[in-house]
Amino acid sequence: MRPCLVLLLLGLLAGCATNPVSGRSDFVMLSERQELEIGRRLHPQILEQYPRYADERLQAYVQQVGERVARYSHRSALDYRFTVLDSPDLNAFALPGGYVYIHRGLLAYLNSEAELAAVLGHEVGHVTARHGVRQQSQASAWNIVSQVIAIGTGVGAAGDLTSMLGSALVRGYGRDMELEADGLGAQYLARAGYDSEAMIAVVRLLKNQEDFARQEAAQRGEPQPESGYHGLFDSHPDNDRRLHEVVGSARGLVAVRQEVNREGFLEQIEGLPFGDSEASGVVRGQAFYHGPLDFTLSFPQGWALVNRPDALVGLTPDRQGLIAMTMEPVDPQLAPEAFLQQRIGDRRLLEGRPLRQQGLQGYTGLMPGTPARRVAVLYRERQAFLFVAALKGKSGLGAADADFLRVIGSFRPLQDAERKLTQPLRLHRVRVGEGQRLAGFSQASGVAEASVMRLRLLNNLYPDLEPRPGDWLKILY
């Protein structure tokens with residue numbers, strides 16, 4: 001009876017809807033109305049995690065390019081919203097219902113309007129093929145089945161096994177869905193009048209950036225970074241036969257010459273921040289500077305700094321220790337010691353002592369456990385800057401605690417001479433003259449981030465090409 005129960009449940013769950021792209025029936029558990037509601041509900045949460053980039057001219061341009069591509073999609077009636085996020089990550093993604101996002105960091109590496117349209121078209125392809133809804137439906141179904149098996153057998157492990165099977169089916173979009181989105185995006189590109197080869201160019205630049213990041217990590221003795229855009233399942237090489245087939249079929253949809261528009265795109269991204277922005281604070285070497293919030297702090301040599309939207313994180317060279325700083329509003333009438341005690345609840349705080357530095361008041365102490373944690377708070381007007389530090393799996397902090405305290409003790413207001421350090425690097429375009437090479441532009445920039453290899457990545461010249469006289473070139477300063 002129990003296998004029959006599961007089969008019956010699967011039959012009841014198997015709601016089908018016609019896929020607007022393929023015309024075939026898909027297993028989905030959400031109506032289009034529910035799909036649109038998911039996008040509307042999650043959109044504000046995305047903007048809370050990743051702020052919207054505050055350049056309305058660029059936002060309008062991206063919306064215009066996205067609408068041009070979406071007009072030729074299989075679901076052109078959707079109200080598409082294209083948003084640039086103020087994040088240095090090389091990423092783009094879409095929510096069900098037509099909400100498409102591209103990170104500022106990815107824009108910096110694109111080299112034409114056609115490449116921008118390729119990224120947006122790929123994400124529109126995910127929306128039109130209802131990949132997010134299909135993924136959610138499969139995950140929900142497996143979750144329900146796992147609960148029924150656990151109840152019917154009385155063995156929780158059976159439920160865990162089914163849940164793992166469901167997770168394996170739906171994690172990421174998967175190779176086939178990504179390729180389908182590439183093919184759809186290439187179709188929409190071609191019909192909108194763009195060069196569909198831009199889809200392959202985007203794949204190439206993402207793979208080049210991934211290779212470069214891994215080489216840099218190896219030279220510094222750091223762990224290999226994970227893939228970025230769409231995670232581990234996004235990857236297919238730019239010479240992939242299936243990718244060329246889907247792009248080639250799209251190329252045959254039109255006979256006229258297709259638009260690339262490199263110059264117009266470079267004009268739109270002139271002055272775009274590269275890496276951190278002023279609003280999020282800027283990492284320079286081992287120091288962090290935040291102009292709007294008027295503070296700086298520094299980290300020991302060899303530590304890695306990760307500037308996240310929700311926290312500033314410092315990682316020890318062996319990646320076994322970290323210190324994270326977050327910020328939240330506070331009532332100045334609440335003593336720093338009381339603030340920390342509220343955060344840790346009924347847990348003990350050992351070796352507690354007040355902090356007084358650069359006119360700021362605070363408190364610090366140790367929380368026992370595995371891992372043990374150094375916690376501290378510093379008040380700056382009506383803001384509390386909270387620090388939490390730990391060593392992975394260690395019940396004591398040992399010598400690392402002195403480094404954690406030095407990081408906390410380095411927190412202070414900015415000096416006038418440091419104000420310029422709060423400004424980010426920005427992209428600028430220049431026309432290449434006769435005899436000019438990338439090494440000269442790199443030296444003139446005077447910043448480590450503008451290495452020759454970085455300029456090659458930014459200008460689709462990786463790994464060993466040089467610009468030609470008369471070309472427009474993206475540089476950093």
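View 1. The structure is a predicted model, in which local features need pLDDT of at least 70, side-chain atom pairs count only at pLDDT 80 or more, and totals for chains, interfaces and linings use all residues. Residues are numbered from 1 along each chain as its sequence is written, and side-chain values use heavy atoms, with hydrogens and water left out. Two cavities of 30 Å³ or more are present in the structure. A cavity is a set of points, on a 1 Å grid over the protein atoms alone, where a 1.4 Å probe fits but cannot get out. Its volume is the space filled by probe spheres set on the points, which are joined across faces, edges and corners.

**View 2. Leu-266, Ile-269, Glu-270, Leu-427, His-428, Arg-429 and Lys-474 line the second largest cavity.** Lining residues have an atom within 4 Å of a point. Strand β17 (residues 425-431) gives the most to this lining, with three residues; strands are DSSP runs (E, at least two residues), numbered from the N terminus. The lining has three nonpolar, one polar and three charged residues. Ala, Val, Leu, Ile, Met, Phe, Trp, Tyr, Cys and Pro count as nonpolar, Asp, Glu, Lys and Arg as charged, and the others, Gly among them, as polar.

**View 3. An open sheet of three strands has the order β7-β8-β9, with antiparallel pairing.** β7 (282-284) and β9 (295-298) stand at the edges with a single partner strand each, so one side of each has no neighbour in the sheet. Two strands pair if DSSP finds at least two bridges between them.

**View 4. β7 and strand β8 (residues 287-290) run antiparallel and are joined by three bridges.** Val-283 has Phe-288 as its bridge partner in β8.

Terms used
1 Å grid on protein atoms, 1.4 Å probe; cavity = no way out; pocket = protein on both sides within 12 Å on 5 of 7 lines; lining within 4 Å. Helix = DSSP H or I, 4+ residues; strand = E, 2+ residues; numbered from the N terminus.
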